[in-house]
Amino acid sequence: MSQAVATDRPPAISLDKVNKWFGALHVLRDVTLNVAHGERVVVCGPSGSGKSTLIRCINRLESHQEGRIVVDGTELTDDLRALDTIRREVGMVFQSFNLFPHLTILENCSLAPIWVRKMPKDEAEALAMEFLTRVKIPEQAKKYPGQLSGGQQQRVAIARALCMRPKIMLFDEPTSALDPEMIKEVLDVMIELANSGMTMVCVTHEMGFARQVADRVVFMDRGEIVESGTPHEMFETPQTDRLKLFLSQILRGH
Amino acid sequence: MSSTTLGASSAHRTQPPLLVAGPLAWMRANLFNSWLSTAVTLALIYILARAGIGFVDWAFINAVWSVPISAQGVIDPTDCRNIKGVGACWAVIGDKWRFILFGRYPFDEQWRAGVCIALFIALFVVSAMRRFWRKELALIWIGTLFVIGVLMWGGVLGMNFVPHDTWGGLPMTLILATFGLALAFPLAVFVALGRRATTLPAVRYLCIVYIELVRGVPLISVLFMASVMFPLFMPVGLNPDKLLRAQLGIILFGAAYLAEVIRGGLQALPKGQYEAADALGLTYWQKMRLIILPQALRMVIPPMVNNFIGSFKDTSLVLIIGIFDLLTAAKVALAEPAWQGYSTEVYLVLAVIYFIFCYSMSRYSRGLEAEFGRSVRR
Ligand SMILES: Nc1ncnc2c1ncn2[C@@H]1O[C@H](COP(=O)(O)OP(=O)(O)OP(=O)(O)O)[C@@H](O)[C@H]1O
Ligand SMILES: [Mg+2]
């Protein structure tokens, strides 16, 4: 499964002994994780284990306090230029979509190319239409987010992130706010994206998705990476009790 | 989605059945639903009718509309004296309306001030129409205000120069309110943003101190400070004009309150909107201008208009520092010996003028709210 993964290049994302506190709460403990270019990593773990915090540190929606995070060769520091570079290269999809409700679907998608990439408007709109076609909703371009179903909104959110042509995509539980019948349409888009060779870090409890596309599954608990391995290793032969407990809870939930 | 099917099925019963809706049913449900509420309704109708009839008697039936003026221009208000308390003396308005509207502005030049009032109103109407909400609107504002300045001051194009300490009446009120709102609004946006700038503590504390200082004192004291105390601190010769100082006081005062309203909107916006804008790589100002402010400001239209209405009426407080606005002009008009004692009539007219402006703002904001509500929920 990992034949597309480039292991000879420096990693796309590299976290080295990253620590983070919210006040006195230690949410990331010595997290070390390398993601190669083209690699698909699924992060799972119980609620409150720090999964969101981890991927939000990768595009610096949260800042870490100790350790090093290097994304595509740029180290994340307080330097604003580094931040600009990272945000252009890293796209993010949120659990709650976070589309801009006062803008049409097309404007949502073309906004960042126009203002951040300084692309001419018609070019940006053509690009937006291209990606809206890829997520299979070009016909909704003139509507507002409020007029779309949850699944459609999340696909727009994916297209919006892709319009910046990022090298890395982060997903934070993209399907957990969706009704069951809409989960598949979003997962299908994500699977297609994974097959196109995008570097992805995805927080999700969709084990089917993990089995199908992940090169690696990372299990977090209480701010630590407890175990990681291929989906097969992780689901068939879990080593730690914590992962076994977690898997049994997930499976019972399904 | 399926508006066609909806439309088809509702076509059969576009009218609700009688007595379920409609004014009769409403009255029965709200005014006469028990004998107690029927009694209250009837009592109130009686009181309102008495008051209404009394008012019509006073304002119209017994009113004096004009009084004789002698050849020397001396007013003879005897008719008014005779009906005082029974009927209104509208003659005072007929005699004094130009003074009330234009203050001490030279009588023969008052058409200029009148044109300015019309220009202000036209400016408001144009700004209110969404189809003019483009960049050019700023140019229209600058252009109109320039023309108003030229008309009021004169000194060019064959118009006599009129120094601004003789301006007064409604143009003065409109000048104070318009500049007050137009400049307080951008200032308030910056202060509201500054107050939330967690990465710039100096800016943040400056904004907090400003807001708290202004909110801690009444406008009257701000105006007093601007007119009496401020000159004491300034070096001789560098003393901005009284009107300018009062205008600055009004702007600074209004902006502090407006900033708090706008901050409410900024806070009410879901965190996800800020994060999505950040994640796309927008800069701080792009994020604010394109994503945050358009949504936050729409959310606070009602309290903002509430503020606008408040500051429009608050401009009348310049009375106490001797600036000749509408209220001051009315008061001075009433000081004339012939017209002493007819303040009710004059203040009633003033109330109507203020009401027209304030109520238009209120109605307009309701329309705007509905329109924005539609476009977001659609
Ligand atoms: N902004 C914040 N301030 C304070 N504490 C926070 C903040 N964000 C998260 N936390 C806390 O940090 C811990 C980790 O949160 P995080 O959102 O990363 O967990 P998660 O694994 O994503 O959980 P979930 O599955 O519920 O999304 C939790 O205990 C949470 O309460
Ligand atoms: Mg989370």
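Select A:Glu192 and A:Arg134: their side chains meet in a salt bridge, 3.8 Å from N to O. A salt bridge here is a side-chain nitrogen of Lys or Arg within 4 Å of a carboxyl oxygen of Asp or Glu. The pair links distant parts of the chain, with A:Glu192 in helix H6 and A:Arg134 in helix H4 (residues 121–134) of chain A, 58 residues apart. Helices (H or I, at least four residues) and strands (E, at least two) are DSSP runs, numbered from the N terminus. A:Glu192 counts as partly exposed at 34% relative accessibility, and A:Arg134 counts as partly exposed at 32%. Buried means under 20% relative accessible area, exposed over 50%, and partly exposed in between (1.4 Å probe, protein chains only).

This is a predicted model: local features need pLDDT of at least 70, side-chain atom pairs count only at pLDDT 80 or more, and totals for chains, interfaces and linings use all residues. Residues are numbered from 1 along each chain as its sequence is written, chains are lettered from A and ligands numbered from 1 in the order in which they are written, and side-chain values use heavy atoms, with hydrogens and water left out.

A cavity is a set of points, on a 1 Å grid over the protein atoms alone, where a 1.4 Å probe fits but cannot get out; lining residues have an atom within 4 Å of a point. The space in the second largest cavity is about 60 Å³. Volume is the space filled by probe spheres set on the points, which are joined across faces, edges and corners. H6(A) gives the largest share of this lining, three residues.

Next, go to the largest cavity, with about 70 Å³ of space. Select A:Gly91, A:Met92, A:Ala161, B:Ala279 and B:Leu280, which lie nearest its centre among 13 lining residues. Helix H12 (271–279) of chain B is one of the elements that each supply at least two lining residues.

Now pick A:Asp215 and A:Arg40. Their side chains meet in a salt bridge at 3.6 Å, N to O. The two sit 175 residues apart, A:Arg40 in strand S3 (residues 40–44) and A:Asp215 in the loop between helix H7 (207–213) and strand S9 (216–221) of chain A. Both A:Asp215 and A:Arg40 are buried.

Compare A:Asp78 and A:Arg60, a salt bridge with its closest N and O atoms 2.8 Å apart. A:Asp78 counts as exposed at 69% relative accessibility, whereas A:Arg60 counts as buried at 14%.

Finish in chain B. Select B:Arg195, B:Glu212, B:Arg215, B:Glu260 and B:Arg263 to see a network of salt bridges.

Definitions and conventions
On a 1 Å grid over the protein atoms alone, a cavity is a set of points where a 1.4 Å probe fits but cannot get out, and a pocket is an open set with protein on both sides within 12 Å along at least five of seven lines; lining residues have an atom within 4 Å of a point.
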